[in-house]
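Please keep the sequence and the model open while reading.

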Amino acid sequence: MEYEAFISEITDVAKDEETRRELFHAIDVNHDHVIKFNELVAVFLDERKIMDTKMLSYLFGLVDKDGDNCISQAELEEFMSNNNVTYTNMDIIDVFNKIDKNGDKMITIDEFNEGMKEYLEET
């Protein structure tokens with residue numbers, strides 16, 4: 001995600017321009033002015049960075065393309081593909097099933113938040 005796209009997406013989370021700029025530069029680890037998926041995930045893995053409900057909601061919104069407040073397996077796969085994440089179909093199924101606690105084939109924001117927190121605790 002390039003700088004301009006990030007700034008327009010993060011406006012609800014970070015109201016002032018300076019905060020948005022600092023957040024972008026904190027996530028853009030290699031300073032190429034593009035946030036890649038691995039950089040975004042790294043924010044959640046690095047305890048020195050911000051990991052709060054607003055950031056998790058932002059990441060959830062990036063995956064939830066149709067805006068129905070649920071992530072389908074197809075949306076997860078599309079997100080990973082669009083962000084050059086190497087995966088197999090089994091990887092997608094495993095990750096999805098691990099996060100989808102109630103087994104309804106949709107990941108809610110609560111399931112997503114809990115899944116991210118569990119993932120962080122495992123690493």
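## α1 against α2

In this predicted model, helix α1 (residues 3-10) and helix α2 are oblique to each other. Their axes come within 10 Å and cross at roughly 125°. The crossing of α1 past α2 is right-handed.

On the α1 side, the contact is made by Tyr3, Phe6, Ile7 and Ile10. On the α2 side, Arg20, Arg21, Leu23, Phe24 and Ile27 take part. By class, this contact holds 7 nonpolar residues, 2 charged ones and no polar ones.

## The buried face of α1

Which residues of α1 are buried? They are Phe6, Ile7 and Ile10. Seen down the axis of α1, these buried residues fall within an arc of 100°, so they line one face of the helix. An α-helix has 3.6 residues a turn, so residues three or four places apart point the same way.

Glu4 and Ser8 sit on the other side of α1, where they are exposed. The cover over the buried residues of α1 includes α2 and α4. Phe6, Ile7 and Ile10 are also listed in the contact with α2.

## The buried face of α2

Helix α2 spans residues 17-27. Its buried residues are Arg20, Leu23, Phe24 and Ile27. They cover an arc of only 100° around the axis, which puts them on the same side of α2. Arg20, Leu23, Phe24 and Ile27 also belong to the contact with α1. Arg20 counts as buried here, and that means under 20% relative accessible area.

## α4 against α5

How do α4 and α5 lie relative to each other? They are roughly perpendicular. The axes of helix α4 (residues 53-63) and helix α5 (residues 73-82) cross at roughly 95° and come within 8 Å.

The contact of α4 with α5 divides into 5 nonpolar residues, 1 charged residue and no polar ones.

## α5 against α6

Helix α5 also packs on helix α6 (residues 89-99), at an angle of about 125° and with the axes 10 Å apart. The two helices are therefore oblique to each other. Their crossing is right-handed.

From α5, the contact uses Gln73, Leu76, Glu77 and Met80. From α6 come Asn89, Ile92, Ile93, Val95 and Phe96. By class there are 6 nonpolar, 2 polar and 1 charged residues in the contact of α5 with α6.

## The chain as a whole

How many helices and strands does the chain have? It has 7 helices and 2 strands. Along the sequence they follow the pattern α-α-α-α-β-α-α-β-α.

The chain has 123 residues, and 36% of them count as buried. Among contacts with a separation of 6 or more, 41% join residues 24 or more positions apart.

Definitions and conventions
Residues are numbered from 1 along each chain as its sequence is written. This is a predicted model: local features need pLDDT of at least 70, side-chain atom pairs count only at pLDDT 80 or more; totals for chains, interfaces and linings use all residues. Side-chain values use heavy atoms; hydrogens and water are left out. Axes are lines fitted to C-alpha atoms, for helices over the stretch in contact, and angles run from 0 to 180 degrees between N-to-C directions. Helices (H or I, at least four residues) and strands (E, at least two) are DSSP runs, numbered from the N terminus. Angles under 35 degrees count as roughly parallel, over 145 as roughly antiparallel, 65 to 115 as roughly perpendicular and the rest as oblique. Ala, Val, Leu, Ile, Met, Phe, Trp, Tyr, Cys and Pro count as nonpolar, Asp, Glu, Lys and Arg as charged, and the others, Gly among them, as polar. Buried means under 20% relative accessible area, exposed over 50%, partly exposed in between (1.4 Å probe, protein chains only). The arc is that of the directions from the helix axis to the C-beta atoms. A crossing is left-handed if the near helix is turned anticlockwise from the far one by less than a right angle, and right-handed if clockwise. Contact means heavy atoms within 4.5 Å.
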